Amino acid sequence: MKTTVKYASALVAAALVAGGSAAAFAPVTAYTWWTELLVRAAGFAPKTLALPDGQLSYRQAGRGPAVLLIHGFGANGVISWCAQMTKLAKTHRVIVPDLLWFGESQSQRTPTLSAQTDAMQHLIDHLGITSVALVGVSYGGFVAMELAHRLAQRVSSMVIINSPGTVYRQSDLDSLLIRASVSSAEALFIPEQPTDIARLLRMTMAEQPPVPIPTSVLEKMLNHYYVGREEALRHLMRDLVDGREYYQARMSGASWPRTELIWGDHDQIFPLPIGLRLGEAIGAPVRVVPGAGHNLPVEKPKETTALISSILKPLTN
């Protein structure tokens, strides 16, 4: 029974990393319903912030030092952070947004990392937060570092999870494309066919499910999370890839808040050596999670929650 649950959870985790559909198949539907029930029970009712050119969906609950949880590419806030947000809300004021063009957040702006960061800054200002800890996974790590650079006096600490930040090289991207057998980052992260979803699942899971995922399930995932969003997501990915050198130059010499990194030792998207390189570059310790792939908050929820809590603990003293 435990093995079955383990693989089912891994499948759900991988589906959600890839933008898996909450309505794709019964286990995922039940999982999504259950996560919504859990977060609402912890006080995380959905809220909407009007932006100059769109709207930002977010959840907030808890009391204590403020912490902003920033999800990765292809998911939303609740699905990505359910395990962490409900636990952290016992000791922190926890804010969990849907990034622009994901979940229920939308904007008429050109999709860029800068637009994402503007939205996060609007949210922090709207909530009257003067000091905040940032936790970002994958794409959310880029947003976190950009926000920390902008709001240096207001960011108390930062946790980066499986996100290469300022040290990602063209050779790293080339190696990723070879591992995934694709021609571009867009081809990997913005699937167009069910087989593309299956490939992304293989890349993001540390352990593979015991049986192939039915094509009908993959099609529903594709339709639910990608169809209608493709143009915006391509803009986001192109901005991240093409603007890498500009991003790194802008961050050069930045003074970072107290920062720690969390990394899965089986991450195929951004392998551990990249994390060690980032840690050395910004003077941050790297906490390694054995047997973990790319999406740690969902793949290894207990371990990830414990590590985040441990890192943030000094803020509550």
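Modeller: Helices (H or I, at least four residues) and strands (E, at least two) are DSSP runs, numbered from the N terminus. This is a predicted model, in which local features need pLDDT of at least 70 and side-chain atom pairs count only at pLDDT 80 or more, while totals for chains, interfaces and linings use all residues. Residues are numbered from 1 along each chain as its sequence is written, and side-chain values use heavy atoms, with hydrogens and water left out.

Biologist: How many cavities of 30 Å³ or more does the search of the whole structure find?

Modeller: On a 1 Å grid over the protein atoms alone, a cavity is a set of points where a 1.4 Å probe fits but cannot get out; a pocket is an open set with protein on both sides within 12 Å along at least five of seven lines, and lining residues have an atom within 4 Å of a point. Points are joined across faces, edges and corners, and a volume is the space filled by probe spheres set on them. For cavities of 30 Å³ or more, the search finds two.

Biologist: Which helix gives the most to the lining of the largest cavity?

Modeller: That cavity has a volume of about 410 Å³, and of its 30 lining residues, F73, S138, Y139, F189 and F270 are the closest to its centre. Several helices supply at least two residues each, including α1 (2–17), α5 (139–150) and α8 (194–204). With three residues, the one that gives the most is α10.

Biologist: How many charged residues does the lining of the second largest pocket have?

Modeller: This pocket has a volume of about 370 Å³. Of the 20 residues lining it, the closest to its centre are N76, D98, G103, E104 and Y225. Ala, Val, Leu, Ile, Met, Phe, Trp, Tyr, Cys and Pro count as nonpolar, Asp, Glu, Lys and Arg as charged, and the others, Gly among them, as polar. The lining has eight nonpolar and seven polar residues, and the number of charged ones is five.

Biologist: What is the angle at which α3 and α14 pack, and what does that make α3 to α14?

Modeller: Axes are lines fitted to C-alpha atoms, for helices over the stretch in contact, and angles run from 0 to 180 degrees between N-to-C directions. Under 35 degrees counts as roughly parallel, over 145 as roughly antiparallel, 65 to 115 as roughly perpendicular and the rest as oblique. The axes are 9 Å apart, and the angle is about 40 degrees. So α3 to α14 is oblique.
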